[in-house]
Amino acid sequence: VRALRTRAAVLARRLRMGNCGSREVPAVAVPERTALAPSRPKTSANASTRARSSSSSSRASVGKVAAAGEPGRSEEEWREVIRAEDLAAFGSNEPGSAAAAAHSAQLGVTIEYLLEFTREHNCWHFPTWKVVTDIIKPATRARRQRFAELDAVQATGAVGRADTFASHCWGALWGLLVASLADQADVRRRVWVDVFAVRQWAGNEADHAYDAVVPHCTSFAICCQASPTKQIQGVNCLASLSNSEMLARRIDLVPERIRTQIAFLRAWSLLEIMRAVEAEARDKRFAVVMKVGNVAASKDSSGGYAFQSNSDMTKALQNLIDVRQAEARDPADAVRILAAAADSDGSFELLNDRVRSCITGARACSSFPEIQAAACGDEVLDLTGSSQKKVNDWLKAASGAGYPWIAQKLLEHGGQPNTICTGNVTPLMSAVMSGNLEVAEMLLAKCPDRLPPPHPPPGARHTP
C-alpha cells in the first residue's frame, strides 16, 4: 500500500509538471525528463574555440528561440493533440516504431549549433534536466513541438540526418556533453541529442524508444561525468568505497548523485549501448566512442570551455561496472530494459566486457581525441604532414579503441605496430589490453618477425 501511494504521488507530481517521463532526472530536480548525409568540409575545432564563435547568423537564430504564450488548452487536451499528431505522422503511438525512429534520426543538429546554443544561453554548467526545464520547455510551450522542429531552429540549416547518436545522463552537466562531442571534432557533423529531437511534453509516447534511432546513425558517443577518485592498494576507488568494495562492484554504495552522472549505470543508456553493440556487429565501421571526464575552462587564453579527460575515473569504472545493476528513476523501466538485455544475444558478462573494452578505449584516446573524431567520419588526421611519432601514437590510440579501419589507414601511412609509444606501450599491446582481437591480428600480420616460428627448428627439444 505504501509503495502504491508513493507511486501515485510521483505520477501526480509528473502530471502537474507536465513530465513526459522520457528520461530520468535526479530526485532533487522537478523536470521531465536513407541516404547518408552529404560529405562535410574539413572544419575542426574544440569546444573552447567554438564557445566564443561570433557567427552572427547562427547566434541570432539561437537567440530568437523564445517562449510564447500558451493557448488555452488543458494538459490532458495537449496530450491528445500530441498523440493525434504522432498517430497521423507515424501511423502509431507505440514507442519506437520504424516511422518514428526514421523521423527522429532526421532531427540531428550540428555540433556547431550545440556550441552556439550553449554559449548563447550560458548553460555550460547547467545539469541537463535544467536545460530542459529552463530553456527547451519554455521555447516549445506554444505548440508542444520537438525543439529541433521549431521554425527558428530549422532556419539555421543546422538540422538534418544525424551522424552520431549521443547518449548521456540528465543528472550530468549539459556543457560536458557539448564539450565532449566537440572535442577535436568537425563541427559540421550532426548529432542526435534527445533534448532537441524528442518532445519534452506528456503524450510523446511515440518518441520514447530512443534506442531505435541508433541503427540510423553511423556512430555512437556516450559521455560520463568524472568524479574524484583515490587509489587504495593499486585500485582506483570512487567516493568512500574501499578497494575490496570496488572489486566487489558495490555500486549500491556509490552516492546517488554520482550514480546519476555515470551513463554506464543508467538503464536508458544501457539500452542504447546494447543497440550500439548490435550496430557495431552488423557494420564493422560503426564507431562506438566513450568520453569520460569533465568540462573545464580552456587552458588557452580564449576564456571558453573544453573537454578534459580523466584517466583515473576510467580505471575506477573498469572495476565497478556491472550492467546488471543499471538503474532508472522508474524501477519498471529498469526491469523492462534489463529483461531485454537478458533476452538479447550473449550475456550480461559479455556486455560488461564490451563496456570495459570501450572504457579502455576511452583511456587509450584520452590524449588523442582526434582519433575518436576520425572514427566518427571526420577528416581531422593530417597523415602527410605528421611525424612518425605522431602516426605511431595515433595507431596506438586507434588500436586500443578498436577502430580497425583507422588502424589500417595508419599502417598504410607508415605506422609501426611494435614500437613503444606515448604511455610506454606499443600499438599491439594497446589492442591486446583492450581485447580488440581483429586489430591485434591486423598488427601481428605487419610484424611477422615477432611471431614464434610455426615449427621448431631441427634438433630443438620439444616443450609441452
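Trainee: How do α16 and α18 run relative to each other, parallel or antiparallel?

Mentor: α16 (residues 348-364) and α18 (residues 388-401) pack at an angle of about 165°, so they are roughly antiparallel. The axes are 7 Å apart. Angles under 35 degrees count as roughly parallel, over 145 as roughly antiparallel, 65 to 115 as roughly perpendicular and the rest as oblique.

Trainee: What are the axes and the helices here, by definition?

Mentor: An axis is a line fitted to C-alpha atoms, for helices over the stretch in contact, and the angle between N-to-C directions runs from 0 to 180 degrees. Helices are DSSP runs of H or I with at least four residues, strands are runs of E with at least two, and both are numbered from the N terminus.

Trainee: And where does the model come from, and what was counted?

Mentor: The model is predicted, so local features need pLDDT of at least 70 and side-chain atom pairs count only at pLDDT 80 or more, while totals for chains, interfaces and linings use all residues. Residues are numbered from 1 along each chain as its sequence is written, and side-chain values use heavy atoms, with hydrogens and water left out.

Trainee: Back to the pair. Is the crossing of α16 and α18 left-handed or right-handed?

Mentor: Left-handed. A crossing is left-handed if the near helix is turned anticlockwise from the far one by less than a right angle, and right-handed if clockwise.

Trainee: Which residues of α16 and α18 meet?

Mentor: Ser357, Gly361 and Ala364 of α16 meet Lys396, Ala397, Gly400 and Ala401 of α18, where contact means heavy atoms within 4.5 Å. By class, three of these residues are nonpolar, three polar and one charged. Ala, Val, Leu, Ile, Met, Phe, Trp, Tyr, Cys and Pro count as nonpolar, Asp, Glu, Lys and Arg as charged, and the others, Gly among them, as polar.

Trainee: At what angle do α13 and α16 pack?

Mentor: About 85°, with the axes 11 Å apart. That makes α13 roughly perpendicular to α16. On the α13 side (residues 267-282) the contact uses Leu270, Ile273, Met274, Val277 and Glu280, and on the α16 side Leu351, Arg354 and Val355. Six residues of this contact are nonpolar, none polar and two charged.

Trainee: What does Arg275 touch?

Mentor: Arg275 is in α13 and touches Asp211 and Val214, leaving aside residues up to four places away in sequence. With Asp211 there is a side-chain to side-chain polar contact at 2.9 Å. A polar contact is a pair of N or O atoms within 3.5 Å; within protein, one must be able to donate a hydrogen and the other to accept it, and residues adjacent in sequence count only if both atoms are side-chain atoms.

Trainee: Next pair. How are α19 and α21 arranged, parallel or antiparallel?

Mentor: α19 (residues 404-412) and α21 (residues 437-445) pack at about 15°, axes 10 Å apart, and are therefore roughly parallel. Their crossing is right-handed. Pro404, Ala407, Gln408 and Leu411 of α19 contact Glu438, Val439, Met442 and Leu443 of α21. That contact has six nonpolar residues, one polar and one charged.

Trainee: Different topic. What is the phi of Asn122?

Mentor: Positive, about 50°, although Asn122 is not a glycine. Most residues other than glycine have a negative phi. Asn122 lies in the loop between α6 and α7 and is exposed, at 56%. Asn424, also not a glycine, has a positive phi of about 70°. Asn424 sits in the loop between α19 and α20 and is exposed as well, at 59%.

Trainee: And Trp192, buried or exposed?

Mentor: Buried, with a relative accessible area of 1%. Trp192 is in strand β6 (residues 190-192). Leaving aside residues up to four places away in sequence, its contacts include Ser104, Phe165, Tyr210 and Val213. Trp192 and Tyr210 are 18 residues apart in sequence and 9.8 Å apart from C-alpha to C-alpha.

Notes
Buried < 20%, exposed > 50% of the residue type's maximum accessible area, 1.4 Å probe, protein only.
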